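Below are my notes on the model you sent. They are set out as numbered points, with each cut-off given where its term comes up.

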Amino acid sequence: MTNPLGNANRRAQGLPTPPSGWPVGSYPTYAEAQKAVDYLADNNFSVGDVTIVGVDLMQVERVLYRLTWGKVIGGGIASGAWLGLFIGLLLSLFTPEDKSSLAPLAVGLIGGIIFGLITTAIPYAATKGQRDFASTMQLVAGRYDVLCDPKSAEQARDMLARLAI
């Protein structure tokens, strides 16, 4: 089924396509693959023909610390206070000069703290202790392959063979 509102030529819109080319190097970290491509660029190789491909992708969740009510409430107060001060500062720009500019700052600060507490405490309470930690997510690869167009792959492979990473 086609979408009457969509563009018929979808490839022109930059949809993801699988990488192409011949492998010229394989590295355990992205930094090493990046160093290899940088080496090619430094030696006047046409790096427009090169692609770095992450293979064996993994989603890695790194646990940072345990969450407690104190940390949740403290974080909510801090983020809400910053937001409230910013809004209070904006409101004070529109306050007549004969009025105190501290009133909008105070209102913004108090409102921001209340907003921050609500927006952090309710979601934390909703988890009912099922997720008492903070973490970050990363998408990493098991290895990074450097691919090159077939017309210049042999030259790239020879150049990277001289590079000792």
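**Notes on the model**

1. Glutamate 61 has a relative accessible area of 32% and is therefore partly exposed; here buried means under 20% relative accessible area, exposed over 50%, and partly exposed in between, with a 1.4 Å probe and protein chains only. Its partner is arginine 131, with 2.6 Å between the closest N and O atoms of this salt bridge. A salt bridge is taken as a side-chain nitrogen of Lys or Arg within 4 Å of a carboxyl oxygen of Asp or Glu. Arginine 131 sits in the loop between helix 3 (102–126) and strand 3, and glutamate 61 in strand 2, so the pair ties together parts that are 70 residues apart in sequence. Arginine 131 is also partly exposed, because its relative accessibility is 36%.

2. On provenance: this is a predicted model, in which local features need pLDDT of at least 70 and side-chain atom pairs count only at pLDDT 80 or more, while totals for chains, interfaces and linings use all residues. Residues are numbered from 1 along each chain as its sequence is written, and side-chain values use heavy atoms, with hydrogens and water left out.

3. The salt-bridge rule gives a count of four. One of them joins the side chains of lysine 151 and aspartate 49, at 4.0 Å from N to O. This pair links distant parts of the chain, with lysine 151 in helix 4 and aspartate 49 in the loop between helix 1 and strand 2, 102 residues apart. Lysine 151 counts as exposed because its relative accessibility is 68%, whereas aspartate 49, at 16%, counts as buried.

4. Which residues form a network of salt bridges? They are Asp56, Arg143 and Asp145. Between aspartate 145 and arginine 143 the closest N and O atoms are 3.0 Å apart. Arginine 143 is partly exposed, with a relative accessible area of 32%. Aspartate 56 belongs to strand 2 and is exposed, since its relative accessible area is 52%. Its phi is near 60°, a positive value in a residue other than glycine.

5. Leaving aside residues up to four places away in sequence, aspartate 145 touches Gly25, Ser26, Thr51, Ile52, Val53 and Val55, where contact means heavy atoms within 4.5 Å. The C-alpha atoms of aspartate 145 and alanine 33 are separated by 7.2 Å, although the two residues are 112 apart along the chain.

6. Helix 1 covers residues 30–42, and at 1.5 Å a residue its 13 residues should span 18 Å; the end C-alpha atoms are 18 Å apart, which agrees. The expected span is 1.5 Å times one less than the number of residues. Helices (H or I, at least four residues) and strands (E, at least two) are DSSP runs, numbered from the N terminus.

7. Which residues of helix 1 are buried? They are Ala33, Ala36, Val37 and Leu40. Seen down the helix axis, the buried residues of helix 1 fall within an arc of 90°, so they line one face; the arc is that of the directions from the helix axis to the C-beta atoms. On the other side of helix 1, Ala31 and Asp42 are exposed. The buried residues pack against strand 1 (22–27), strand 2 (50–66), strand 3 (133–148) and helix 4 (150–162).

8. The largest nonpolar core has 17 residues, and those with the most contacts inside it are Val24, Leu40, Phe45, Val50, Val146, Cys148 and Leu160. Strand 1, helix 1, strand 3 and helix 4 each supply at least two residues of this core. Such a core is a set of buried Ala, Val, Leu, Ile, Met, Phe, Trp, Tyr and Cys residues joined through side-chain atoms within 4.5 Å. Not counting residues up to four places away in sequence, valine 50 touches Val37, Leu40, Phe45, Val146, Leu147 and Cys148.

9. Two further backbone entries concern phi. Asparagine 44, which follows helix 1, has a positive phi near 60°. Lysine 128 has phi near 50°, a positive value in a residue other than glycine. Lysine 128 is located in the loop between helix 3 and strand 3, and counts as exposed because its relative accessibility is 71%.
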